[in-house]
Amino acid sequence: MGVLDNLSNFCTVTSTRKSKRKPMQTVEIKVKMDCDGCERRVKNSVSHMKGVRSVDVNRKQSKVTVSGYVEPNKVLKKVQSTGKKAEFWPYIPYNLVAYPYVAQAYDKKAPSGYVKNVVQALPSPNNPDEKLTTLFSDENPNACSIM
């Protein structure tokens, strides 16, 4: 039996082709959908893609959420192939932004509780003006007593 075990070590077949598995990710896309037919068309086109685990369509927010082992650009192209105008989800929750009413961040078309994800809405650590405004705020217990 020892000879056969030794021979099996030499006869193993190794594959030179390494297949990288795509990471599990969630892709959110903004798609304008007017009716049940639009919603069904978008959902069916994406759900038949390879690697898709779940598809969630929210017509009220114009949002499609796809989870699975997929590439975001391929999902976007597949949704655009239905004839609908689609883009990656440009919004983030309202409470994650320091300045939600900056001109570029506030969007009337955004769903409730969301603002656009822009750099101007986040605080910059090197700006001295922001340090002064926090010095004289109502939340600061050591603020100026004249205010």
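## Salt bridges and a tyrosine patch

Tyrosine 101, with a relative accessibility of 59%, counts as exposed, a class defined by over 50% relative accessible area, whereas buried means under 20% and partly exposed lies in between (1.4 Å probe, protein chains only). The structure is a predicted model, in which local features need pLDDT of at least 70 and side-chain atom pairs count only at pLDDT 80 or more, while totals for chains, interfaces and linings use all residues. Residues are numbered from 1 along each chain as its sequence is written, and side-chain values use heavy atoms, with hydrogens and water left out.

Tyrosine 101 sits in the loop between strand S5 (91-93) and strand S6 (114-116); helices (H or I, at least four residues) and strands (E, at least two) are DSSP runs, numbered from the N terminus. Together with Tyr94 and Tyr106, Tyr101 forms a nonpolar surface patch of about 370 Å² accessible area. Such patches are made of residues with over 30% relative accessible area and no salt bridge, like charges being joined within 9 Å and nonpolar side chains (Val, Leu, Ile, Met, Phe, Trp, Tyr) within 5 Å; the areas come from the Shrake-Rupley method with a 1.4 Å probe, and for residues only the protein chains shown count as cover.

| Salt bridge | Distance, N to O |
|---|---|
| glutamate 28 and lysine 63 | 3.3 Å |
| aspartate 36 and arginine 59 | 2.4 Å |
| arginine 59 and glutamate 39 | 3.1 Å |

The salt bridge of glutamate 28 with lysine 63 links distant parts of the chain, since glutamate 28 belongs to strand S1 (residues 25-31) and lysine 63 to strand S3 (residues 63-68), 35 residues apart. Glutamate 28 is partly exposed at 32% relative accessibility, whereas lysine 63 is buried, its relative accessible area being 10%.

Asp36, Glu39 and Arg59 are joined in a network of salt bridges. In the salt bridge between aspartate 36 and arginine 59, aspartate 36 lies in helix H2 (residues 36-47) and arginine 59 in the loop between strand S2 (52-58) and S3, at a separation of 23 residues. For the salt bridge between arginine 59 and glutamate 39, the partner glutamate 39 is likewise in helix H2, 20 residues from arginine 59. Aspartate 36 is partly exposed at 48% relative accessibility, arginine 59 is partly exposed at 31%, and glutamate 39 is partly exposed with a relative accessible area of 23%.

Methods:
Salt bridge = Lys/Arg side-chain N within 4 Å of Asp/Glu carboxyl O.
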